Amino acid sequence: MTDDQQQEQAVTGAWARIEKWLEQHAPRSYRMLPPPAPEADVREVEQELDLTVPPGLKAFYRLRNGTGHPGDFGWTPEPETGLPPQGQETAWLLPRKHGIPPVQHLPYWDEGPHTIGMPDDPVVRYLAFAATDRSGLYGLFTDCTPGPGYGRIGTFEEAGIPKLGVWPSFADYLIEVADALYENRGVEYADGHQDTKVPGLVDQALVWDGPAHPRDPDWTRFA
C-alpha cells in the first residue's frame with residue numbers, strides 16, 4: 001500500500017468514527033452533512049490555485065463536501081444534494097469551532113495562507129481548508145508545496161504568520177479529533193499541549209467549548 005493510500009484509508013476510517021458519533025449523539029449536526037464533492041470540482045480548485053490537494057484532504061472530500069450545510073458558508077445547495085435550502089449553523093463541528101467548507105468555496109478565502117509568502121517564494125503553496133467562520137480569517141491550512149513538508153497541517157490567523165507542524169497530516173488531525181470525541185476530552189497538539197475545549201451539545205449539535213466559561217449558555221458538556 002502506498003503512502004497516499006494509507007492516508008486515504010486513515011481519513012476514511014477516522015471520519016467514519018466521527019460520523020458514527022454524530023449520528024448517535026449529535027443528530028442535528030449529522031443531518032446537515034452534505035454529499036460527496038464532485039471530483040471535477042476538486043480538480044477545478046487545484047487548477048485555479050495551481051496546487052495539488054493532499055491525498056488525505058482529497059479523501060475527505062470524496063466522503064463529504066464539507067462538514068456542514070453549504071448555506072453555513074454562504075453557498076446555496078444544489079438541488080441534487082438533497083439538502084434543505086437553509087443551513088442551521090452546524091458546520092462548525094470540529095475543535096475550536098472549525099468547519100470545512102464546500103471545496104468550491106476554498107478559492108474564495110483569498111486572504112488565507114495560500115497568499116502569504118508567495119511574492120517572496122512563488123513556489124510556496126498553502127491551502128486554507130478550515131476556518132472558524134465563513135470569512136476564513138482564522139483556521140487551518142495544509143502545505144501543498146512539493147517536497148518533504150507536503151501535507152503538513154498548520155494554523156493561521158488574520159495578519160499573522162502561518163504556523164506549520166501542528167499535525168503531520170490531515171489524517172493525523174482527523175484521527176486525533178475522533179479519539180478526543182470518544183474519550184470526551186480536548187484535542188492534543190503535536191507539541192503535547194491539550195486543548196481545554198471539549199465536546200458538548202447545543203440543541204443536538206456538536207460544539208467544542210470550555211466547561212468553565214462556555215460561549216453559549218445552552219451548551220452542555222457531553223457526558
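Strand β6 (residues 205-209) is largely enclosed by the rest of the structure, because four of its five residues are buried (under 20% relative accessible area; exposed is over 50%, partly exposed in between; 1.4 Å probe, protein chains only). Helices (H or I, at least four residues) and strands (E, at least two) are DSSP runs, numbered from the N terminus. The model is predicted: local features need pLDDT of at least 70, side-chain atom pairs count only at pLDDT 80 or more, and totals for chains, interfaces and linings use all residues. Residues are numbered from 1 along each chain as its sequence is written, and side-chain values use heavy atoms, leaving out hydrogens and water.

**Sheet**
- Three strands form an open sheet in the order β6-β5-β7, with antiparallel pairing (two strands pair if DSSP finds at least two bridges between them).
- β6 and β7 (220-221) stand at the edges with a single partner strand each, so one side of each has no neighbour in the sheet.
- Strand β5 (residues 198-202) runs antiparallel to β6, and five bridges join them.
- V202 stands opposite A205 in β6.
- Two residues separate β5 and β6 in a hairpin, and D203 in the turn has a positive phi of about 50 degrees.

**Helices**
- α5 lies across β5 and β6, at about 95 degrees to β6 (axes are lines fitted to C-alpha atoms, for helices over the stretch in contact, and angles run from 0 to 180 degrees between N-to-C directions).
- Helix α1 (residues 3-25) has 23 residues and should span 33 Å at 1.5 Å a residue; its end C-alpha atoms are 33 Å apart, which agrees (expected span is 1.5 Å times one less than the number of residues).
- V11, A14, W15, I18, E19, W21 and L22 are the buried residues of α1.
- Their cover includes α2 (27-31), α4 (55-63), α5 (170-183), β5 and β6 (contact means heavy atoms within 4.5 Å).

**R185**
- R185 sits in the loop between α5 and β5.
- R185 counts as buried because its relative accessibility is 17%.
- Not counting residues up to four places away in sequence, R185 touches E176, D179, A180, Q194, V198, P199 and W208.
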